Amino acid sequence: MASKEALIKKLISKPAPSNFTMRELDALMKKCGCRKFSGGRGSGVGYMHEKTGRIVQFDAPHPGNELYRYHVNMVRKFLEDIGEA
């Protein structure tokens, strides 16, 4: 799996990547000190930053595994807010 820095670089690249997968997101969030949880409506997924208690939550992409552009933007903002990007 790619390093934290490589995953952040891919995520914040311009234009926003259309091939950032849930697997890559899971790895990145874990490396940033976040815990994954599921909940909400059917395909809801979220991540909680352990130090700050901040949460980002959305419906997982389906049927594919790549994040939608608005997911990428939400995750970018979240990582900026917790000081990781």
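Reply: First a term: helices (H or I, at least four residues) and strands (E, at least two) are DSSP runs, numbered from the N terminus. The model is a predicted one.

Me: OK. Where is Cys32 found?
Reply: Cys32 lies in the loop between α2 (22-31) and β1 (34-38).

Me: Buried or exposed?
Reply: Cys32 counts as buried, because its relative accessibility is 3% and the cut-off for buried is under 20%.

Me: What is Cys32 in contact with, leaving aside neighbours within four places in sequence?
Reply: Lys4, His49, Leu79 and Glu84. Glu84 is 52 residues from Cys32 in sequence, but their C-alpha atoms are 6.8 Å apart.

Me: Switching to strands. How do β2 and β3 run?
Reply: Strand β2 (residues 44-49) and β3 run antiparallel, joined by 5 bridges. They form a hairpin with 5 residues between them, and Gly53 in the turn has a positive phi of about 80 degrees. Met48 stands opposite Ile55 in β3.

Me: And which residues of β3 are on the covered face?
Reply: Val56 and Phe58. Ile55, Gln57 and Asp59 make up the uncovered face of β3, which spans residues 55-59. In a regular strand, side chains alternate between the two faces of the sheet.

Me: Last one, Arg76. Which helix is it in?
Reply: Arg76 is in α3, residues 69-81.

Me: What is the nearest side chain of opposite charge to Arg76?
Reply: Glu80, at 6.7 Å. Arg76 is buried and has no salt bridge. Beyond its neighbours within four places in sequence, Arg76 is in contact with Leu11, Ile12, Ser13, Lys14, Pro15, Ala16 and Pro17.

Methods. Residues numbered from 1 in each chain as written. Predicted model: local features only at pLDDT ≥ 70, side-chain atom pairs only at ≥ 80, totals over all residues. Heavy atoms only, no water. Buried < 20%, exposed > 50% of the residue type's maximum accessible area, 1.4 Å probe, protein only. Pairing = 2+ DSSP bridges. Lys, Arg positive; Asp, Glu negative; His and termini not counted. Salt bridge = Lys/Arg side-chain N within 4 Å of Asp/Glu carboxyl O. Contact = heavy atoms within 4.5 Å.
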